Amino acid sequence: MNLNGETSTSSRRKLVLKTNTPSDLSKALVLYQPFPGGQCVGRNLVLNADTECKPARHLLKPKIKTESKEKIKKTHEKSDPKKSSYSNMFLLGMVLAVTVILSLTRSNRDRDLCDTKSMVVDLKLLKHELTTNLYGQFSADTSIINALEEFQVTDEQMKVLILLGGPGTGKTWTTHLIANSMSEKTNQVFLHLGPWSSLQEIQAAFNKLKCCRWNFIFIEDSDYADSQQIGTLVDMVSSVSQNISCARQKIFMILTSNYGQKEFAKLLFRELERLGTRYTVSHEDIRETVKKLTSPLINGFAQRKVPFIPIPYLPLEKMQLEQCIHNDLVLKKKVAPPDVINKIIQHFRFFPAPKDYFVVAGCKTVPTFVNLYT
């Protein structure tokens with residue numbers, strides 16, 4: 001009972017808000033309302049005696065519609081095969097484009113690094129050095145320069161030269177002149193054969209050859225190698241010449257051999273007897289003489305069908321011996337009168353007797369006797 005004597009209803013009685021317009025009712029704010037079966041805490045709730053408190057429908061429906069649309073949109077995106085296909089194609093195109101750009105960049109870089117077309121030997125300088133400091137070997141000079149010029153402009157991977165002739169005729173000196181005319185970009189490998197050389201040393205020399213580079217390999221004293229060493233040498237040359245895995249590799253190989261001294265001496269002797277000179281010997285006669293030469297090295301290359309160019313070195317005469325002596329004096333910054341030069345010449349043997357046209361050992365021991373008399 002209240003103060004006025006009226007009987008009060010229970011505190012859990014439902015509260016009914018009366019209003020003339022439904023819109024006012026929907027805007028009613030109920031902060032807290034005890035209600036059978038649950039609590040309603042919030043705003044904009046519709047209340048009546050017969051129903052539970054619920055959120056306003058006009059506010060609930062837009063939210064439901066919005067959530068439904070988003071779910072449908074996501075489901076549609078996931079299930080749309082065309083859009084997924086276009087996306088995959090776009091990604092694949094991007095990957096291909098990046099791959100092509102990287103490959104072109106790498107190709108240009110490799111082309112710059114592997115520029116084997118650029119000459120690494122100063123041919124003009126080498127030609128001057130050969131004609132000035134290599135005495136009496138006009139045929140060898142021409143053959144070497146032509147071989148280098150041809151090797152420069154072709155795609156040939158390997159070229160082999162065998163310098164043939166007696167000792168002291170300038171074969172080793174030629175290799176030094178060629179080596180000194182090269183740029184720093186070249187890879188130079190030196191190998192001396194003989195009883196002291198092992199098969200592993202021969203293989204190690206060829207393992208020093210580099211891809212994407214100009215390689216010059218100089219092999220001295222091939223005549224001192226035994227049959228097993230010659231076989232290993234020829235096998236290595238054959239395998240390197242057939243190696244296609246090494247990109248843009250250029251190998252210029254020079255070997256020296258003393259074979260051919262007698263044959264070239266006979267050829268030059270006939271020319272001198274006809275009152276000719278070493279400079280009047282025909283190239284055709286020289287080529288025919290070279291074709292008849294045989295040696296373990298030449299036979300090994302022929303059997304394995306490895307192409308090579310024979311370079312003939314004619315025996316030296318007294319004139320070329322005097323030139324060697326004068327050149328050695330210049331290099332040592334010394335001066336010797338004619339009688340001293342004659343004394344030096346007397347230490348050298350000539351053949352064939354009694355003509356004594358050619359020096360047996362060429363210019364090989366000239367520095368020794370120059371030091372002895374100056």
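What share of the contacts in the protein chain with a separation of 6 or more is accounted for by residues 24 or more positions apart? The share is 74%, where a contact means heavy atoms within 4.5 Å. The structure is a predicted model, in which local features need pLDDT of at least 70 and side-chain atom pairs count only at pLDDT 80 or more, while totals for chains, interfaces and linings use all residues. Residues are numbered from 1 along each chain as its sequence is written, and side-chain values use heavy atoms, with hydrogens and water left out.

The secondary structure of the protein chain consists of 14 helices and 11 strands. Helices (H or I, at least four residues) and strands (E, at least two) are DSSP runs, numbered from the N terminus. Of the 374 residues in the chain, 37% count as buried. Here buried means under 20% relative accessible area, exposed means over 50%, and partly exposed lies in between (1.4 Å probe, protein chains only). The chain exposes about 23400 Å², of which carbon and sulfur atoms supply 57%. Such accessible areas come from the Shrake-Rupley method with a 1.4 Å probe, and for residues only the protein chains shown count as cover.

Helix H14 contains Val-366. Val-366 is buried, with a relative accessible area of 2%. When residues up to four places away in sequence are not counted, Val-366 touches Leu-321, Cys-324, Ile-325, Asp-328 and Phe-348. Of this group, Phe-348 is 18 residues from Val-366 in sequence, and the two C-alpha atoms are 9.1 Å apart in space.

Asn-133 is located in helix H4 (residues 123–133). Is Asn-133 buried or exposed? Asn-133 is buried, its relative accessible area being 16%. Its side chain makes a polar contact with the side chain of Glu-129 (2.7 Å). A polar contact is a pair of N or O atoms within 3.5 Å; within protein, one must be able to donate a hydrogen and the other to accept it, and residues adjacent in sequence count only if both atoms are side-chain atoms. Leaving aside residues up to four places away in sequence, Asn-133 touches Trp-173, Leu-177 and Asn-327.

In the loop between E10 and strand E11 (358–359) lies Pro-352, which a cis peptide bond joins to Phe-351, with omega about -5°. Pro-354 lies in the loop between E10 and E11 as well, and a cis peptide bond with omega about 0° joins Ala-353 and Pro-354. Asp-221, in the loop between strand E7 (214–220) and helix H8 (227–241), has a phi near 55°, a positive value in a residue other than glycine. Asp-221 counts as partly exposed at 27% relative accessibility. Lys-305 also has a positive phi, near 55°, and lies in the loop between helix H11 (296–303) and strand E9 (309–313). At 74% relative accessibility, Lys-305 counts as exposed.

In helix H10 (residues 283–291), Glu-284 and Arg-287 are three residues apart, about one turn of the helix. Their side chains meet in a salt bridge (2.8 Å, N to O). Glu-288 and Lys-291 likewise both lie in H10, three residues apart, and the closest N and O atoms of their salt bridge are 3.8 Å apart. An α-helix has 3.6 residues a turn, so residues three or four places apart point the same way.

Conventions: A salt bridge is a side-chain nitrogen of Lys or Arg within 4 Å of a carboxyl oxygen of Asp or Glu.
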